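I opened the model to look up a few residues and one metal site. My entries follow the structure.

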Amino acid sequence: MTEWNVERAATVLADAEAGRTDRGPLTDEWPGLDLATGYRIQDEILRRKVEAGEHIVGVKLGLTSRAKQQRMGIDSPLTGWLTDVMVLPAGAPLVTRELIHPRVEPEIVFVLGERLSGPAVTAARAMEAVSHVYAGLEVIDSRYTDFRFSLPDVVADNASASRYVVGSVGRKPSELDLALEACLLEVDGEVVDSATGAAVQGHPAEALALAANSLARRGLALEAGWLVLTGGMTDAAFTRPGGTIAVHFTNLGSVTIGCE
Ligand code: OOG
Ligand code: MG
């Protein structure tokens with residue numbers, strides 16, 4: 001049997017993404033896969049994408065809310081990379097056949113006005129680095145069958161990152177109480193879930209600080225101009241061709257994805 005290593009795992013996951021096929025979690029075959037190695041696999045997949053011409057545009061957090069942690073059965077937040085090809089422009093359809101089994105979740109999105117580098121970043125310091133806040137919908141598409149994975153698996157798989165849409169209403173952080181900022185998640189015009197920003201680590205700024213501090217442990221920082229998706233506020237909604245998923249925020253406007 002072939003030995004597992006970072007390169008092989010990166011190839012397997014990159015092939016699954018490119019070929020729109022799901023597979024069992026790496027840890028079924030590689031029980032020794034640990035969190036640090038998971039991040040090395042994530043970084044190797046990113047390195048190959050950048051080599052192929054993609055640009056890093058930011059970072060996503062995952063599993064920052066109880067709703068997400070309970071659904072996925074993992075209680076540790078994690079980070080993944082966002083590149084320019086993952087952007088779904090506002091109004092563009094989500095072509096479900098281009099993906100494996102996409103799900104959509106509402107998120108609060110930060111744009112950084114300055115570099116934010118850990119360790120010891122506090123929520124207050126993190127907010128100082130934010131230039132604008134937006135509504136977002138993230139499309140996650142685990143490369144693992146039925147979204148079944150352990151923490152090192154989902155880290156290796158870039159936190160199931162696939163696509164994201166950013167709303168058109170940008171607010172200065174000082175204009176909002178983000179813990180109280182509410183969202184309604186609608187599927188086909190029906191409200192299926194709701195949350196406030198407090199669902200995300202008590203305040204999305206805590207999630208941003210967590211990302212900065214977690215990256216610092218790998219010698220990395222959040223760069224000026226980057227987007228940060230702070231994590232699903234509610235459970236993710238399933239997509240279907242012909243369906244519509246929308247989120248409506250109190251002050252951040254609405255974002256809609258039509259699926260085909
Ligand atoms: C992992 C990615 C989680 C979030 O916002 O919590 C995530 C998954 O649920 O597949 O993006
Ligand atoms: Mg997410």
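**Notebook: a loop residue and a metal site**

I first located Phe-149, which sits in the loop between β4 (130-140) and α6 (151-156); helices (H or I, at least four residues) and strands (E, at least two) are DSSP runs numbered from the N terminus. I note that this is a predicted model, in which local features need pLDDT of at least 70, side-chain atom pairs count only at pLDDT 80 or more, and totals for chains, interfaces and linings use all residues. Residues are numbered from 1 along each chain as its sequence is written, chains are lettered from A and ligands numbered from 1 in the order written, and side-chain values use heavy atoms, with hydrogens and water left out.

Phe-149 is buried at a relative accessible area of 11% (buried is under 20%, exposed over 50%, partly exposed in between, with a 1.4 Å probe and protein chains only). Leaving aside neighbours within four places in sequence, I found Phe-149 in contact with residues including Pro-25, Met-72 and Tyr-144 (heavy atoms within 4.5 Å). The C-alpha atoms of Phe-149 and Pro-25 are 5.5 Å apart, although 124 residues separate them along the chain.

I then turned to the metal. Which residues are the protein donors of the magnesium ion (ligand 2)? They are Glu-105 (OE), Glu-107 (OE) and Glu-138 (OE), lying 2.0 Å from the ion; donors are N, O and S atoms within 2.8 Å of the metal (3.2 Å for Na, K and Ca), and water is not among the atoms, so sites may look incomplete. The donor residues follow the spacing E-x1-E-x30-E. Glu-107 in strand β3 (residues 103-112) and Glu-138 in strand β4 are 31 residues apart, a pair linking distant parts of the chain.

Glu-138 is buried, with a relative accessible area of 1%, and Glu-107 is buried too.
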